[in-house]
Amino acid sequence: MPATPKKSTGKKVAPAPYPLKKSGQKSTKGNPLLESTPRNFGIGQDIQPKRDVSRFVKWPHYIRLQRQKKILWARLKVPPAINQFTKTLDANTTSQFFKLAAKYRPESKAEKRQRLRAAASAKVEGKEAKKTEKPVVVKYGLNHVTSLIENKKAQLVVIAGDVDPIELVLWLPALCRKMGVPYAIVNSKARLGSVVHKKTATALAFTEVKDADKAELASLVSACKSNYNDKWEEHRKSWGGGIMGVKSNAKMAARAAAAAKEVAARQ
């Protein structure tokens, strides 16, 4: 049978509504003299904006070693014998020590050369050489400082905390405690070296000072004794390091939360 055509019901589809304009909206017309030229950052188009790409930089090998070493020092557990070198003297006492040490700097090479030339010229001219007293200066050099500690001649010993390898001075605090010599640890070996006209110095020692500076040395000695010699038992038991990263801490926190949830479910 042929298909019969459907009869139209006379209903029409409603037209699409026109977009309604919001009341109170003002049409802003731009300046016709200023054309908008949006940038196109496609391939071969406008220059890309500057971005921080330091994450993707291939750093030199020595920089990577420095950063890895720093992370390892934070991650690994550090035994107390090494960890004690991170507990350095506070800033005020350190500045007080360096002010005192600056008064007792040994003569430099240029000053020694000038003194010897003056003595030699006086000898050539037949004049008597001036008698000079033994200079009161700060002592340096690891072997020299060690012998002063062993003979109990050192009144105060200051050790650098950034000596590499650390084994060079690892035993020095124990020796100072055994011989009853006050000691302290400061941050920089370069700063100790600048006192004695050297690039670096592992340790400095005061054997004697002038009468005017005895009170200042006594206050330094008492501060160092209270911070180091008297806290030997505390330093002997305190380990360092063991500081984990953000990801590791988050993972351990998630494990602890899961374990706590499991315990709560059992109860």
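User: A polar contact is a pair of N or O atoms within 3.5 Å; within protein, one must be able to donate a hydrogen and the other to accept it, and residues adjacent in sequence count only if both atoms are side-chain atoms. Which backbone oxygen does the Asn83 side chain reach?

Analyst: That of Ser238, at 3.3 Å. Keep in mind that this is a predicted model, where local features need pLDDT of at least 70, side-chain atom pairs count only at pLDDT 80 or more, and totals for chains, interfaces and linings use all residues. Residues are numbered from 1 along each chain as its sequence is written, and side-chain values use heavy atoms, without hydrogens and water.

User: Where does Asn83 sit?

Analyst: In helix H2, residues 80-83. Helices (H or I, at least four residues) and strands (E, at least two) are DSSP runs, numbered from the N terminus.

User: Is Asn83 buried or exposed?

Analyst: Its relative accessibility is 8%, so Asn83 counts as buried. The cut-offs are under 20% relative accessible area for buried, over 50% for exposed, and partly exposed in between, with a 1.4 Å probe and protein chains only.

User: What is Asn83 in contact with, beyond its neighbours within four places in sequence?

Analyst: Val78, Ser238, Trp239 and Gly240. Contact means heavy atoms within 4.5 Å.

User: Next, His235. Which helix?

Analyst: H9, residues 232-237. His235 is buried because its relative accessibility is 7%. Outside four places in sequence, His235 is in contact with Pro80, Lys87, Asn227 and Tyr228. The C-alpha atoms of His235 and Ala81 are 8.2 Å apart, across 154 residues of sequence.

User: Aromatics now. How many pairs?

Analyst: Rings of Phe, Tyr and Trp (its six-membered ring) pair if their centres lie within 6.5 Å; planes under 30 degrees apart are stacked, over 60 edge-to-face, the rest tilted. The count is 4 aromatic pairs. In one of them, Phe97 and Phe98 have ring centres 5.0 Å apart and planes at 65°, so the pair is edge-to-face.

User: And how buried are those two?

Analyst: Phe97 has 2% relative accessibility, so it counts as buried. Phe98 is buried too, at 11%.

User: How are Tyr183 and Tyr228 arranged?

Analyst: Their pair is tilted, with 5.5 Å between centres and 50° between planes. Tyr183 is in strand S4 (residues 183-186) and Tyr228 in helix H8 (residues 214-229), so the pair links distant parts of the chain, 45 residues apart. Both Tyr183 and Tyr228 are buried.

User: Which residues make up the aromatic cluster?

Analyst: Phe97, Phe98, Tyr104 and Phe206.

User: Which H3 residues are buried?

Analyst: Thr93, Thr94, Phe97, Phe98, Leu100 and Ala101. They cover an arc of only 160° around the axis, so they lie on the same side of H3. The arc is that of the directions from the helix axis to the C-beta atoms.

User: What do they pack against?

Analyst: Strand S3 (156-160), S4, helix H7 (189-195), strand S5 (203-206) and H8. The face turned away from that buried side carries the exposed Ala91, Asn92, Lys99 and Lys103.

User: Last one, Thr93. Which side chain does it join in a polar contact?

Analyst: Asp90, at 2.8 Å. Leaving aside neighbours within four places, Thr93 is in contact with Leu220 and Ala223.
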